[in-house]
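Please look over the sequence and the structure before reading on.

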Amino acid sequence: ILFKVKSQSLSQGIPQVKYYGSNTELLVDGAPYLMTGGELGNSSASSTPYMNPIWPKLQKMHLNTVIAPVYWELLEPQEGKFNFTLVDYLIKSARQHHMKLVLLWFGTWKNSMSCYSPGWVKTNQKHFPRVANSTGGPEEIITPFSKEALLADSKAFSSLMRHIKETDSKFHTVIMVQVENEIGMLPDARDHSKLADEAFNRPVPTKLISWLNSHKDKLVPEMQKIWQDGGNKTSGNWESVFGKSPATDELFMVWYFAGYANAVAKAGKAVYPLPMYVNAALNAPGKKPGQYPSAGPLPHLIDIWKAAAPDIDFLSPDFYNPNFKYWNDRYTRPDNALFIPEHRFEDGVDAKAFYAIGHYKALGFSPFSIETDNKTAGEPLGQSYSIIQQLAGEISKAKHKGTIDGVLLSKDADTVRLQMGDYILIVSHDLTLGWSPKAKDASWPLTGGIIIALGNDEFYVGGTGLVISFKSVKDGERAGILQVDEGVFVNGKWQPGRRLNGDEDHQGRHLRIPVGEYGIQ
Ligand code: N0T
């Protein structure tokens, strides 16, 4: 008679990002996890008294995850001497408030600069050399060509991961880690230090060339253009392969920044393999490399990032720019899950959370500086998050079946048509009805929602400020509303409330969630 002893391997239930088909899922303890998150302001997590009153506030906003920085300067104030007090505090407090954590590794780079490197790094420029600008002057940016810096950062980061493993691998409070923050070159497209110049004149690594060749048909348009303009030369230094231009300078830097970030992530994963990502400061339109934080994980550079950083699970956009749809389209790919770790905490984030999760199947959404007292955006966000949490189980099932979508509606783009089940759904901004005096306002609030088809003729709609009428896909057939119920999910089970008819569904003509109201029908 035999019996089996199950392995206690680390990988059991450890959070992971799974790519399947064109879908992705963040798994925590083996189950899909949909993140309704918020990122702390940069300095908040450096003081526990400052943080104490914040947790209950975040809980009230229906956050299930807090995204919080870990500062290299405070983690390793003296070389090799680690202080985990702040990390332990974050983990303990998150558990007490039934929330998960994503930790941000403010290591070598934070918004291009090296401000979070410890004093012993900052003041030892011989050991940890800086980027040089085009006139040879030093910048406060550690050069990615420094092997010593990479070693020091990797050591610190793997100590952090070891500590998380030791204190949290049974609990999985920490579910993901961001490596560095908004990496990018400024004020020139490339580093002109001695180490950088040497690398620039060496042949382009064959690993990159063969990656570009084998992905020829899948390259982003910008990369395709450079690859062709360069005449598809397969050997030589950077300028002879890609041409002499700021774009080439930027590509060159990507290879080394991404390689550095990957090495840090890899060192951490070797200890405790949590999902890891990098975030991007989006480039403003019309600016040239060097004028925006260049070489970061931006859409036009995705190919080089993917080639150089296979241990990074995905690249993520930070939203302080307009054109929400444009950037989301570019970051949602079969090889890149959309995750929004930062969005300016402003009006409309409540609607955007629905859209990101329903339409782009984002792993999560998270406004930045979430502890800010932002009543106009905070309360609506909490209402959206509550709906998303209630729907989470249905969202995950529908993602697998391809029976989910999301909408984002504004005065300029007030109507979307979706084909779902046997019907065409005409989803419009609530104010298109003209029933409310607000319809005459110069601008309308952003509204949005998530729509899930349960079968051919049954749907869940969760959202705010929308009205839906239905058409049959077949010509000559009318679609009638049989039944509309509002309700809530309690522990994943639908509990209908009022039957909505009469004025509430315009005597059977439409489904409506008015502006300012949040609900599931
Ligand atoms: C973000 C945040 C924090 C349209 C800015 C965005 C965070 C970092 N950087 O508050 O510093 O740590 O990731 C930079 C983009 C600003 C552009 C605004 C002009």
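The model is a predicted one.

**The sheet of 8 strands**

An open sheet is formed by 8 strands, in the order β12-β11-β10-β9-β6-β5-β4-β13, and the pairing is parallel. Its edges are held by β12 (342–343) and β13 (364–365); each of these has a single partner strand, so one side of each is left without a neighbour in the sheet.

Helix α4 (residues 85–96) lies across β5 (65–71), β6 (100–110) and β9 (174–181), and runs at about 155 degrees to β6.

**The sheet of 3 strands**

A second open sheet has 3 strands, ordered β1-β2-β3, with antiparallel pairing. Here β1 (16–20) and β3 (31–32) are the edge strands, each of them pairing on one side only. Strand β2 (residues 23–28) runs antiparallel to β1, and 5 bridges join the two.

As background to both sheets, strands of a sheet pair through backbone hydrogen bonds, either parallel or antiparallel.

**The ligand and its surroundings**

Which residues surround the ligand? They are N42, K110, N111, N181, E182, N279, D318, Y320, N321, E342 and F368. By class, the shell around the ligand divides into 2 nonpolar, 5 polar and 4 charged residues.

| Residue | Distance from side-chain N or O atom to a ligand oxygen atom |
|---|---|
| N42 | 3.0 Å |
| K110 | 3.1 Å |
| N181 | 3.0 Å |

On its own, the ligand has 500 Å² of accessible area, of which the protein covers 62%.

**Two backbone features**

Most residues other than glycine have a negative phi, and most peptide bonds are trans. The peptide bond from L186 to P187 is cis, with an omega near -5 degrees. P187 belongs to the loop between β9 and α7 (194–201). The other place is A295, whose phi is positive, at about 75 degrees, although A295 is not a glycine. This residue is found in the loop that lies between β10 (276–281) and α12 (302–308).

Terms used:
Residues are numbered from 1 along each chain as its sequence is written. This is a predicted model: local features need pLDDT of at least 70, side-chain atom pairs count only at pLDDT 80 or more; totals for chains, interfaces and linings use all residues. Side-chain values use heavy atoms; hydrogens and water are left out. Two strands pair if DSSP finds at least two bridges between them. Helices (H or I, at least four residues) and strands (E, at least two) are DSSP runs, numbered from the N terminus. Contact means heavy atoms within 4.5 Å. Axes are lines fitted to C-alpha atoms, for helices over the stretch in contact, and angles run from 0 to 180 degrees between N-to-C directions. A residue is near a molecule or strand if one of its heavy atoms lies within 4 Å of it. A polar contact is a pair of N or O atoms within 3.5 Å; within protein, one must be able to donate a hydrogen and the other to accept it, and residues adjacent in sequence count only if both atoms are side-chain atoms. Accessible areas come from the Shrake-Rupley method with a 1.4 Å probe; for residues, only the protein chains shown count as cover. Ala, Val, Leu, Ile, Met, Phe, Trp, Tyr, Cys and Pro count as nonpolar, Asp, Glu, Lys and Arg as charged, and the others, Gly among them, as polar.
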